[in-house]
Amino acid sequence: MSDGARSSAAVKSPKKQPLKVRLAVSFLSAVLDATRRSNGTINRRLLSFLDLRTSPNPVSHRGVRTVDLTVKPSHKLWIRLFIPDVVRRPQPLSLIVFFHGGGFAYLSPDNPAYDLACRRIAKAIPVVVASVNYRLAPEHTYPAPYEDGIDVLRFVDSGAIDAVGEDLVNPSSCFLAGDSAGANIAHHVARRWAAAGVGWKKLKVSGIVLIQPFFGGEERTGSEIRLARAPLVSTERTDWLWRAFLPAGADRDHEAANVFGPKATGELEEGFPPAMVVVGGHDPLQDWQRRYCEALRARGREVRLLEFPEAIHAFYVFPDIADGDRMIQEMGSFITSHG
Ligand SMILES: *[C@@H]1O[C@H](CO)[C@@H](O)[C@H](O)[C@H]1NC(C)=O
């Protein structure tokens, strides 16, 4: 494909999305806009009427059962475990510690869309998923969710999941995954895990899966300019979300956002795990995500880049988009080859 053809394909609007997906994306964008205030706070009261929740189901439903476990009561930190029925389980399953998206400020593991996404992942691979209810901005800013991620890894390392079922998971085959802001969290938790070095009993982070990670910077990339008014992650919304999450006075070149940018050390810990990165062709964040892959490669790290040219941001949480199933299959093969 010539460069000209490629750029005209890239500016094409995502017409092929099913009606259900377009309605859901418009609704979510409207919820974002109605609940975030210009003074940087979120109207949580209004949000509580729009934000549906699901209960755990300890008896298996369509091949997966779920259990909520408290990790740290003082931080209201808990995880929802998704445990697939596996008829003949020869050995403990790999564990995915999963961080949901929502711009660091929205959503939770019991949101119906994320409950369903984690079920699909747990069942298809199969793998046990622990979806993390980390603290949200702007009430809790950087580095609260990164610290919550480490607290969950300590919880797993202590063997606390055995309370649900002996030998359910193999802590030496642990993966961190997430989408959007959750993928940003997975990256930073992996760094903190690697920096802690030998401080772990059994837990090993064998890989990270970053689905359309939310990275950014002061610069406007080509895809941000081209897709500035995209649903969910328009530039205006992402700027607001960074202000809500980053420490007071920081700009988007803070290391949390621009991880290999001018204000970052640019270093990566020795034990930083292999990565799989998922990129969508209609996502304004795609240029930051490709740069991230290049930066990992430049540091000699293993990266598997998976591109979906037709994908919008958050595509895989909509079961009507077939690329989601392909992505989950690829996650499975990444886990099999690194677990
Ligand atoms: C932000 O605005 C809301 C609604 O006007 C108000 O209730 C809240 O106190 C304000 N918060 C700050 C930190 O200014």
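Leu107 is found in the loop between strand E3 (93-99) and helix H4. Its phi is near 75 degrees, a positive value in a residue other than glycine. Helices (H or I, at least four residues) and strands (E, at least two) are DSSP runs, numbered from the N terminus.

Ser180 also has a positive phi in a residue other than glycine, here near 55 degrees. Ser180 is situated in the loop between strand E5 and helix H6. Is Ser180 buried or exposed? With a relative accessible area of 7%, Ser180 is buried.

## Basis of the model

The model is predicted: local features need pLDDT of at least 70, side-chain atom pairs count only at pLDDT 80 or more, and totals for chains, interfaces and linings use all residues. Residues are numbered from 1 along each chain as its sequence is written, and side-chain values use heavy atoms, with hydrogens and water left out.

## Strand E6 and its neighbours

Strand E5 (residues 169-179) pairs with E6 in the parallel sense over 6 bridges; two strands pair if DSSP finds at least two bridges between them. Within this pairing, Val205 in E6 is the bridge partner of Cys174.

E6 also pairs with strand E7 (residues 275-280), in the parallel sense and over 4 bridges. Which residue of E7 stands opposite Val209? The residue opposite Val209 is Met276.

Strand E5, helix H6 (residues 181-195) and strand E6 together make a right-handed β-α-β unit. A crossover is right-handed if, with the strands pointing away from the viewer, the path from the first strand over the helix to the second runs clockwise.

The peptide bond from Ile125 to Pro126 is cis, and its omega is near -20 degrees. Pro126 has its place in the loop between helix H4 (112-124) and strand E4 (128-132).

A cis peptide bond also runs from Ala137 to Pro138, with omega near 0 degrees. The loop that holds Pro138 is the one between E4 and helix H5 (144-157).

Note on methods:
Buried means under 20% relative accessible area, exposed over 50%, partly exposed in between (1.4 Å probe, protein chains only).
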